Amino acid sequence: KYPWGFSSLSMNVNITIDIILNNPNEKWDMYYFSKNKNISNKIVEDNINLNWCYSNLSLNDSITFDLVKKFPNKSWCFRNLSKNKNITMKIIKENPNYDWDFDCLSQNESITIKDVKENIYEDWNFASLSENPNINWNDVKNNPDLYWNINNLSRNINIDKEILFENNFDWNIDNLSSNQNIDLDFIQDNNNLEWNWNKINYNSFAKSKKRFIETLKNKENLI
């Protein structure tokens, strides 16, 4: 037998509930399987007697609030549910008796500036909102009275070099170093700044690469 790591294997998207049920003697780890993106409401419901980790299920965006309502006595983690992008402000308003966490909700990618402004007296975490990828520069610029955090905003993947050029704020260069929307050209053109080269080494530059590829495709279409 190979020395498989069943914790990691249980989280692998190629592992399905059928594989687990058909191989009951293997050391499956339900803590990690509860994070698996192959899980659905139906899978959990049909196998409710398995030893699910409800804290991890709460964060798994393959799970919706319908399952929570169907099994309200399970040990759901409302901090994690508040981060789950399937949880919207509409769901929260329709279910006010649950223990929602607005600190965690501020990290939720379903949250919009409209949600924040319409519920401004809730306990929002503006440091987390400033980094939330669903908050863009227009949201910040058009709402200067809100408590934006420039340090966390420097990590927001919607911040690009044009925004940096046009807005002479005290940007956090350490956090910009890990921002995936910053490209190497910008770093080289501003090598006088105190970049964190360790963070740059680990930066995938994923969004700037995507933008670069799209630009190349557009040029090819013009030829």
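Tutor: Start with one term: a residue is buried under 20% relative accessible area, exposed over 50% and partly exposed in between, with a 1.4 Å probe and protein chains only. W137 is a case: its relative accessible area is 9%, so W137 is buried. The model is predicted, so local features need pLDDT of at least 70 and side-chain atom pairs pLDDT 80 or more, while totals for chains, interfaces and linings use all residues. Residues are numbered from 1 along each chain as its sequence is written, and side-chain values use heavy atoms, without hydrogens and water.

Student: How much of the chain is buried?

Tutor: Of the 223 residues in the chain, 43% are buried.

Student: How many helices and strands are there?

Tutor: Both are DSSP runs, numbered from the N terminus: helices are H or I with at least four residues, strands E with at least two. This chain has 18 helices and zero strands. Its C-alpha atoms fill a box of roughly 60 × 50 × 40 Å along the principal axes.

Student: How is a pair of aromatic rings described?

Tutor: By the distance of the centres and the angle of the planes. Rings of Phe, Tyr and Trp (its six-membered ring) pair if their centres lie within 6.5 Å; planes under 30 degrees apart are stacked, over 60 edge-to-face, the rest tilted. The whole structure holds 17 aromatic pairs. Take F65 and W100: their ring centres are 5.5 Å apart and the planes stand at 45°, so this pair is tilted.

Student: Where do F65 and W100 lie in the chain?

Tutor: F65 is in helix α6 (residues 65-70), and W100 is in the loop between α8 (89-94) and α9 (102-105), so the pair ties together parts 35 residues apart in sequence. Both F65 and W100 are buried. Now look at W137 and W171: the centres are 6.0 Å apart and the planes at 45°, so that pair is tilted too. It links distant parts of the chain, with W137 in helix α12 (residues 137-141) and W171 in the loop between α14 and α15, 34 residues apart.

Student: Is W171 buried or exposed?

Tutor: W171 has 9% relative accessibility, so W171 counts as buried.

Student: Which residues do ring pairs link into a cluster?

Tutor: F65, F78, Y98 and W100 form that cluster.

Student: What does N175 touch?

Tutor: Contact means heavy atoms within 4.5 Å. N175 sits in helix α15. Leaving aside neighbours within four places in sequence, N175 is in contact with N151, N152, S154, R155 and K199. At 6% relative accessible area, N175 is buried.

Student: Which residues does R211 touch?

Tutor: Not counting residues up to four places away in sequence, R211 touches N181 and D183. R211 belongs to helix α18 (residues 206-222). R211 and N181 are 30 residues apart in sequence, and their C-alpha atoms are 8.7 Å apart in space. The relative accessibility of R211 is 29%, so R211 counts as partly exposed.

Student: What does the side chain of D160 reach?

Tutor: It reaches the backbone nitrogen of I163, at 3.0 Å. D160 lies in the loop between α13 (150-153) and α14. D160 has a relative accessible area of 18%, so D160 is buried.

Key. A polar contact is a pair of N or O atoms within 3.5 Å; within protein, one must be able to donate a hydrogen and the other to accept it, and residues adjacent in sequence count only if both atoms are side-chain atoms.
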